[in-house]
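Please look at the sequence and the model first.

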Amino acid sequence: MEKVINIDTKILPIRNSKKTKKNRLSKRARDYIFIIIMLLYPVGQFLFTWAFVNIDSILLAFKEGSIYGYEWAGFDTIVKVWNESWNNVQNTTGVSWLNNSSVIILNSLGFAFITIFISLPLSLLFSYFLSKKMPLANVFRVIFFLPNIIPVVALTFAFSMSYKPDVGYLYGLIELLHINPVALNTYPLSQVMVYLYCIWAGLGYNIILISGAIGRIPKELFESAKIDNCGYFKEFCHVVIPMIWPTIVTLVILGMTNVLTLYLQPLFLTNGEGNTWTISLQIWDSVSTNSPKQLCEAAAKGLIFSAIWSPIILIVRKLMSMKYKEVDY
């Protein structure tokens with residue numbers, strides 16, 4: 001017998017496949033829309049918080065200020081400031097160089113030196129040994145990080161009081177080293193005290209970042225180094241340093257930017273006394289006078305040093321990035 005199977009057919013609307021293909025966006029178009037949406041916030045933040053704020057400062061570098069207002073001067077103000085700064089640097093004979101631009105440039109460059117060659121190596125060592133689960137490791141992390149959560153005004157005041165005669169806890173050490181307390185207010189000891197503060201206050205921030213980078217290193221690498229009979233020194237140099245190299249590069253770049261951005265520490269510690277001026281502190285002091293002439297010269301000085309130092313930072317970053325290949329883990 002033959003079975004008859006009845007199939008109920010339903011009439012379904014036939015979609016126009018060609019039409020839907022035309023209405024749908026291509027994958028490349030969707031990718032571009034996604035990228036544009038993701039870039040809206042950072043680009044908008046850059047425009048509103050940096051470009052619109054600093055565009056007037058950049059334009060001031062090409063103007064000349066007087067009691068009558070501002071006039072467009074082209075590169076005249078920039079050339080004038082450059083010649084004055086360069087002449088002051090060249091005329092560094094005897095003790096008179098302390099009153100010229102040389103000491104300001106040296107002070108500013110010194111912050112990059114202590115950050116890269118003193119503070120960063122100390123942070124690497126401390127972070128490495130803290131990662132070895134030493135006793136009270138978390139307590140030491142909190143102690144190191146405390147200066148970063150205390151306002152800089154209070155922190156600089158506490159640090160400056162530490163070596164004051166008869167009241168500071170470091171005054172006994174100063175006497176033991178046969179250092180005249182009066183000399184702490186004169187160059188170069190006054191600048192050394194500012195450097196010591198920056199080293200002390202900057203360790204915590206570096207240790208937090210480096211400790212986080214070390215914590216992300218796979219444990220298998222340390223186990224492999226242990227099997228190969230690597231000591232702490234070899235493990236630190238051949239495992240830890242290459243694996244956290246991108247973090248080190250970032251901290252080096254941030255340290256180099258201190259040359260043009262650091263001014264609060266010498267301002268609160270010494271108020272520029274004892275020849276502790278920096279480039280940014282001098283610019284800040286010129287801006288605070290509200291003199292049109294000094295405003296234009298300060299803007300020109302900032303533009304000149306930025307044009308010189310920014311390419312150096314980019315070159316250093318490029319060279320350091322070539323040392324080790326970035327590893328994903």
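At 36% relative accessibility, Lys80 counts as partly exposed. Here buried means under 20% relative accessible area, exposed over 50%, and partly exposed in between (1.4 Å probe, protein chains only). The model is predicted: local features need pLDDT of at least 70, side-chain atom pairs count only at pLDDT 80 or more, and totals for chains, interfaces and linings use all residues. Residues are numbered from 1 along each chain as its sequence is written, and side-chain values use heavy atoms, with hydrogens and water left out.

**Salt bridges**

The structure holds four salt bridges, a salt bridge being a side-chain nitrogen of Lys or Arg within 4 Å of a carboxyl oxygen of Asp or Glu. Among them are those in the table.

| Pair | N to O distance |
|---|---|
| Lys80 and Glu297 | 3.4 Å |
| Glu235 and Lys132 | 2.5 Å |
| Lys293 and Glu297 | 3.2 Å |

The side chains of Lys80 and Glu297 meet in a salt bridge. This pair links distant parts of the chain, with Lys80 in helix H3 (residues 76-90) and Glu297 in helix H14 (residues 292-321), 217 residues apart. Helices (H or I, at least four residues) and strands (E, at least two) are DSSP runs, numbered from the N terminus. Glu297 is buried, at 18% relative accessible area.

Glu297 also forms a salt bridge with Lys293. Lys293 and Glu297 both lie in helix H14, four residues apart, about one turn of the helix. Lys293 has a relative accessible area of 43% and is partly exposed. Salt bridges with shared partners join Lys80, Lys293 and Glu297 into one network.

Another salt bridge is formed by Glu235 and Lys132. Glu235 lies in helix H10 (residues 232-243) and Lys132 in the loop between helix H4 (101-130) and helix H5 (137-149), so the pair ties together parts that are 103 residues apart in sequence. Glu235 is buried at 6% relative accessibility, whereas Lys132 is partly exposed at 30%.

**Nonpolar cores**

A nonpolar core is a set of buried Ala, Val, Leu, Ile, Met, Phe, Trp, Tyr and Cys residues joined through side-chain atoms within 4.5 Å. The largest has 28 residues, and those with the most contacts inside it are Leu120, Leu124, Ile210, Val240, Ile244, Ile248 and Val252. At least two residues of this core come from each of H4, helix H8 (189-215), helix H9 (219-227), H10, helix H11 (245-261) and H14. H11 gives the most, with eight residues.

Leaving aside residues up to four places away in sequence, Ile244 touches Leu124, Ile210, Ala213, Ile214 and Ile217, where contact means heavy atoms within 4.5 Å.

**Helix H10**

H10 has 12 residues and reaches 15 Å from its first C-alpha to its last, close to the 16 Å expected at 1.5 Å a residue. The expected span is 1.5 Å times one less than the number of residues. The buried residues of H10 are Glu235, Phe236, Val239, Val240, Ile241, Pro242 and Met243. What covers them includes H4, H8, H9 and H11.

**Annotated regions**

The unreviewed UniProt entry annotates a "transmembrane region" over residues 32-53, 104-130, 142-163, 194-215, 236-264 and 298-316. Its positions are given in the numbering used here, feature names are shortened, and annotations may be inferred rather than shown by experiment. Residues 104-130 are 100% helix and 0% strand, with end C-alpha atoms 37 Å apart. Residues 194-215 are also 100% helix and 0% strand, and their end C-alpha atoms lie 32 Å apart.
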